[in-house]
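Today I will go through the salt bridges in one model. Please have a look at the sequence and the structure first.

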Amino acid sequence: MAGRTAPAPAGLGVAGGAHVTVRLIATGGTISSHHDGRGWTELAGSELVAELVDDLDRAGVDVEVVDVAAGPSSHLSVDDMSAIAGHVRDAVADGHGVVVTHGTDTIELTSFLADLLLPAAADRPPVVFTGSMRVHSHPQPDGPRNLLDALVVAGDRAARGCGVLVCVDGLLHAAARVVKCDAGSLDAFSSAPLGPVGTVQGGTVIVHDDAPLAGPHATDLAPDVPLLTVYPGIDPSQVARTLDGRRGAVLEVFGDLNVPRTLWAPIHEAWRAGTLVVLASRPFTGTTRSEGLDLLGAVGAGGLTAQKARLATMAALGGGAGRDDAIEFLHARRLVRPHDERSST
């Protein structure tokens, strides 16, 4: 696949040998977890960077470190994730490329939320999340390579203007696409069926020409957007209670957004009452609208996972946005698979 690179010595993305400054926002996670023989400790971002100083000097990357106490990423709330996104926004406003070290349990969610909240610009400095599957004290840790790769990407002009990226195992994933699909493997992340948007090999950054650019952003998040997974035989009254009085809600349904007929009535009634009902599915489907969805009173998540669809719905309704504007926002954030007609509706 074609890609774009920035000319640089030794194949790196810093032009002319001049150094660029990248801000590292360290939030903990497995990448910083270290066992010293007596107990577990969490290394500061500066300690992680110090191990890479020679490689970073050759790459022409200087690093500013901001440590943000976050703890295990499985404990994060949406407010915690928004706070991390705020640190990213500040760094971008200062003109810095940004790397966020993060636990892998929710890296796909925090990175996507940052993508939703960051203003778009064609020359926006790169924003790259990374983490590791192995602890720092593992005999063969994957964190140092992932961090070095991410820092090089964040200093590379080829990644400017893109949406937020996740850099792991030598691959660059769009935050909207990436999913953790294996809890124990080094290649734990996938963007299937759309695929990664770039690679990092030996310090050379290649960003594919079809990598998504930064999309429309939100200025606030609407609270109280529930997510309910529909299962065979679910009580319709449970769905009705979940939807009642909400500005928005996400239901994870089946296949190409297929809904059990017992739920048609509560969904339609909620839509008539003004609720934005968003349907997501475990398998990929780019559907956002169809005749059936229009009749039901719902919109599709456009290929987003249910967890990401919830964040996107919160962003779409943020700042008091009306339902029509929120739908337009969601449609602009859909994942488009080439030659998939359903993804373009």
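Let me start with Asp105, which at 46% relative accessibility counts as partly exposed; buried means under 20% relative accessible area, exposed over 50%, and partly exposed in between, with a 1.4 Å probe and protein chains only.

Before going on, the conditions. This is a predicted model, where local features need pLDDT of at least 70 and side-chain atom pairs count only at pLDDT 80 or more, while totals for chains, interfaces and linings use all residues. Residues are numbered from 1 along each chain as its sequence is written, and side-chain values use heavy atoms, with hydrogens and water left out.

Now the partner. The side chain of Asp105 meets that of Lys180 in a salt bridge, 3.2 Å from N to O. The term stands for a side-chain nitrogen of Lys or Arg within 4 Å of a carboxyl oxygen of Asp or Glu. This pair links distant parts of the chain, 75 residues apart: Asp105 is in the loop between strand S6 (97-101) and helix H4 (107-117), and Lys180 is in strand S10 (residues 179-180). Helices (H or I, at least four residues) and strands (E, at least two) are DSSP runs, numbered from the N terminus.

Next, Asp224 and Arg246 form a salt bridge at 2.3 Å, N to O. Asp224 lies in the loop between strands S13 (204-208) and S14 (227-229), and Arg246 in the loop between helix H6 (236-243) and strand S15 (248-253), so the pair ties together parts 22 residues apart in sequence. Arg246 is partly exposed, at 23%.

Salt bridges with shared partners also join Arg23, Glu64 and Asp94 into one network.

How many salt bridges does the structure hold? The count is 10.
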